[in-house]
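I opened this entry to log what I looked up, item by item. The structure goes in first, my notes after it.

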Amino acid sequence: MLLSVIIFSCKTKTTSDKTGSKIVKDEWVKPEGKGTLLLLTDRPPNLETPLKYFLLDYTPNKVFFVRWHLAGLPTTINADTFRLRIGGNVAHELALSIADLKTKFTRYTITALCQCAGNSRSFFDPRVAGGQWKNGAMGNAKWTGVKLKDILLMAGAKAGSMEVTFNGLDVPPMSATPDFVKSLAYDHAADGEVMIAYEMNGEALPLLNGYPLKLVVPGWYATYWVGMLNEVQVQKDTFNGFWMKKAYLIPKDIPNGNERTDSLAAKMEPINKMDVRSIFVSPEPEQVIPLSQSYAIQGLAFDAGDDITKVEISVDSGKTWMPAKLDADLGKYSWRRWHYNFIPMQKRMYHLQVKATNAKGQTQPVHQWNRSGYMHNEIETLSLKAE
Ligand SMILES: Nc1nc2c(c(=O)[nH]1)N[C@H]1C(S)=C(S)[C@@H](COP(=O)(O)O)O[C@H]1N2
Ligand SMILES: [Mo]
């Protein structure tokens, strides 16, 4: 299997609006084995899913977003010689082939949303450095593979182990950048939900999404979903790697990871569960909708798996809220589609807002910000013209 990111439009197209200010147009790419995606960076590949695909329950593999930190990605992976190695604080080290995973363990499938911690970073005010994602750094899929718990059992993970670490085949291009290694608390890793997927949506994973194996951590931000996973180490003690202790930190114990530009949080902790969010998917901003007719506004709501109970729409800047209809429930770790039949009665601009609430009563803030641009979940506004 070969990897090559072919950019068919790599010029940044700029035009000017009436005021003369520069408008940067989207750039598109079609890497080998994938569909057309929005380009953020090509080395390493960081590619965003176009919003229109979020009208589907599951995000097709071909247009599933792509996010890598290190430019050293293997361009070929031999499925026959590939081994997943399990070691560290275990009774028996294992080297499992893909065939071993498929035949020696119980097959397990779960639907779960994979959302980058930095999804929607471009909407932070003030702006935050990092990948300027819109809402497309996420996707919903059916993941099939093996429960990590079953693998830890076969390896005879020793009692009292503190954590489990995960490493993939990608390597730093320069020795200055630390290798991408993530960790989970041992009890979390062995909870029977965390799994190693060899299929997404019933097919092998695309190379750019972590072929042949990806760790799936339902409800947690995608930074933990280590792709091209080839090494699992059971750790006796706490793991102190760069990607756990220096990167991917959020303000500690503060709802929605919120902090203020003029008083940054004093204590930080590793990012973990996804916060509650809802977004608009259709129509797209500034679209014209017909007057005095019912128009279906559609979107998505999701959280860490605590059950979205309510999605509400406001057309008066949040003074009053009306319930949207929740569509099919695809599982607690899935996103939930919703729709709202909107009948605009006046010829004017409407500013719709959407807000989700979960079974724990957690909901979305009016304003949210943090220094790293993570967990974006402030209430979204969609401006539409009725005529
Ligand atoms: N090996 C490896 N796994 C990784 C990463 C990485 O850089 N290397 N990035 C993580 C991050 S931050 C995200 S958002 C998801 C993205 O998964 P995708 O590329 O399949 O969309 O992969 C995660 N797993
Ligand atoms: Mo991410």
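This is a predicted model: local features need pLDDT of at least 70, side-chain atom pairs count only at pLDDT 80 or more; totals for chains, interfaces and linings use all residues.

**Ligand site**

I found 18 residues around ligand 1, and Phe-65, Arg-67, His-69, Asp-170 and Lys-214 come nearest.

I noted a backbone N or O atom of Phe-65 at 2.5 Å from an oxygen atom of ligand 1. For Lys-214, a side-chain N or O atom is 2.9 Å from an oxygen atom of the ligand. On the nitrogen side of my list, a nitrogen atom of ligand 1 lies 2.9 Å from a backbone N or O atom of Trp-225. I then checked the cover over the ligand. Ligand 1 taken alone exposes 530 Å², and the protein buries 99% of that.

**Domains**

I took the division of the protein next: domain 1 covers 2–247 and domain 2 covers 277–386. I read 27 Å between their C-alpha centres.

The area buried between domain 1 and domain 2 came out at about 2500 Å². Carbon and sulfur atoms give 60% of that area. I also asked which residues of domain 1 lose the most area to domain 2. They are Leu-51, Leu-55 and Phe-124, together 23% of what the domain 1 side buries.

**Cores**

I turned to the nonpolar cores. The largest one has 86 residues, and Leu-84, Trp-143 and Ile-151 have the most contacts inside it. Where does this core lie relative to the two domains? Both domain 1 and domain 2 give residues to this core, so it lies between them.

Beyond four places away in sequence, Leu-84 touches residues including Leu-94, Leu-101, Ile-151, Ile-196, Leu-213 and Val-232.

Last, I noted another core lying apart from the largest one. This core has 19 residues, including Val-276, Phe-280, Ala-324 and Leu-384.

How values were computed:
Residues are numbered from 1 along each chain as its sequence is written. Chains are lettered from A and ligands numbered from 1 in the order in which they are written. Side-chain values use heavy atoms; hydrogens and water are left out. A nonpolar core is a set of buried Ala, Val, Leu, Ile, Met, Phe, Trp, Tyr and Cys residues joined through side-chain atoms within 4.5 Å. Buried means under 20% relative accessible area, exposed over 50%, partly exposed in between (1.4 Å probe, protein chains only). Domain bounds come from an automatic or database domain assignment. Contact means heavy atoms within 4.5 Å. A residue is near a molecule or strand if one of its heavy atoms lies within 4 Å of it. A polar contact is a pair of N or O atoms within 3.5 Å; within protein, one must be able to donate a hydrogen and the other to accept it, and residues adjacent in sequence count only if both atoms are side-chain atoms. Accessible areas come from the Shrake-Rupley method with a 1.4 Å probe; for residues, only the protein chains shown count as cover. Buried area is the accessible area (1.4 Å probe) that two parts lose on being put together, summed over both.
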